[in-house]
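Me: Hi! I'm new to protein structures and I'd like to learn how to read side-chain features. Could you walk me through this one?

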Amino acid sequence: MSHTDLDVLKYLTAVAVGQTDWAVDYIYGNVSFGLSDEDAERIESAIGDPLDAISYVPKLMLEAIQSIEPDFTIHTGTYSDGRPVRSMIVIEEGLVCPYLWHYDVDKVEGETLTGTLCADPGQYKGTYEIKILPPQSFDVTIKPATFVYHAEPVEAIENGVASVGLGEFEGGPEFIALDIGDSVERRTVYLEPDEAGALGRVLLDFEKSGD
């Protein structure tokens with residue numbers, strides 16, 4: 001099915017809105033990092049008008065569409081063939097992934113998107129995989145961790161690096177991220193499951209030797 005000029009405008013508007021919102025949020029979220037309150041306020045005041053000007057263009061594009069389709073929004077709007085302009089792919093409760101569909105159905109390509117499931121600090125739940133299936137569908141696969149662990153710094157030992165408590169795990173291709181360190185320095189180390197097992201046994205032996 002052929003697309004219309006309005007379909008093209010909807011797509012470009014969605015791109016412009018998404019990129020502009022990201023850029024503005026990123027700038028505002030990072031421009032004040034490490035600055036005093038006075039310097040942060042001065043910089044935020046200086047960049048406010050330019051960022052508003054940048055955001056004005058996608059706003060005009062959206063208003064142009066709404067002059068033709070008054071109820072159109074990026075979140076709920078559709079193309080002339082009935083496909084959504086953008087889908088919010090629900091991975092699990094509290095975790096969604098926005099996906100913008102191309103206005104030309106022949107240019108919708110299959111692809112695979114991956115990421116890490118939400119977890120509390122020091123925890124790892126596994127990963128997810130989203131397969132984009134042309135022309136307008138997707139499939140979500142959850143890949144739970146094949147091991148369970150909890151790691152956190154405890155009392156520093158002789159080499160200045162804190163020992164780490166490990167839980168039980170079955171193994172698998174995933175890496176285990178360990179947050180280790182002491183009161184001076186902390187860093188994240190990535191280990192294969194078998195390496196983590198060896199570390200866990202060493203730490204247990206070390207713990208027993210102190211009894």
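Predicted model: local features only at pLDDT ≥ 70, side-chain atom pairs only at ≥ 80, totals over all residues.

Me: Okay, and is Trp22 buried or exposed?

Reply: Trp22 has 54% relative accessibility, so it counts as exposed. Both Trp22 and Tyr26 sit in helix α1, four residues apart, which is about one turn of the helix.

Me: How do I describe two aromatic rings that pair up?

Reply: You give two things for a pair of aromatic rings: the distance of the centres and the angle of the planes. How many aromatic pairs do we have here? The structure holds three. One of them is Tyr11 with Tyr103, with 5.4 Å centre to centre and 70° between the planes, an edge-to-face pair. This pair links distant parts of the chain, as Tyr11 is in helix α1 and Tyr103 is in the loop between β2 (95–100) and β3 (111–116), 92 residues apart. Another is Trp22 with Tyr26, which is stacked, at 5.3 Å centre to centre with 20° between the planes.

Me: Why does Tyr103 count as buried?

Reply: Because its relative accessibility is 17%, and the cut-off for buried is under 20%.

Me: Got it. What should I look for in a salt bridge?

Reply: Look for a side-chain nitrogen of Lys or Arg within 4 Å of a carboxyl oxygen of Asp or Glu. By this rule the count here is four salt bridges. Take Lys10 and Glu69: they form a salt bridge, and their closest N and O atoms are 2.9 Å apart. Lys10 belongs to helix α1 (residues 5–30) and Glu69 to the loop between α2 and β1 (86–92), so the pair ties together parts that are 59 residues apart in sequence.

Me: How accessible are those two partners?

Reply: Lys10 is buried, with a relative accessible area of 2%. Glu69 counts as partly exposed, at 30% relative accessibility.

Me: Which residue does Arg42 form a salt bridge with?

Reply: Its partner is Asp39, and the closest N and O atoms are 3.7 Å apart. Both residues lie in helix α2, three residues apart, about one turn of the helix. Arg42 counts as exposed at 53% relative accessibility, while Asp39 is partly exposed with a relative accessible area of 30%.

Me: Last one! Which residues form the negative surface patch?

Reply: For a patch like this, we join like charges on residues with over 30% relative accessible area and no salt bridge. Here, the negative patch is made by Asp37, Glu38, Glu41 and Glu44. Glu38 lies in helix α2 (residues 37–66). With a relative accessible area of 65%, Glu38 is exposed.

Conventions
Residues numbered from 1 in each chain as written. Heavy atoms only, no water. Patch = residues over 30% accessible without salt bridge, like charges linked within 9 Å, V, L, I, M, F, W, Y side chains within 5 Å. Areas by Shrake-Rupley, 256 points an atom, 1.4 Å probe, with all protein chains shown as cover. Lys, Arg positive; Asp, Glu negative; His and termini not counted. Charge placed at Lys NZ, Arg CZ, Asp CG, Glu CD. Helix = DSSP H or I, 4+ residues; strand = E, 2+ residues; numbered from the N terminus. Buried < 20%, exposed > 50% of the residue type's maximum accessible area, 1.4 Å probe, protein only. Phe/Tyr/Trp six-rings, centres within 6.5 Å; stacked < 30°, edge-to-face > 60°.
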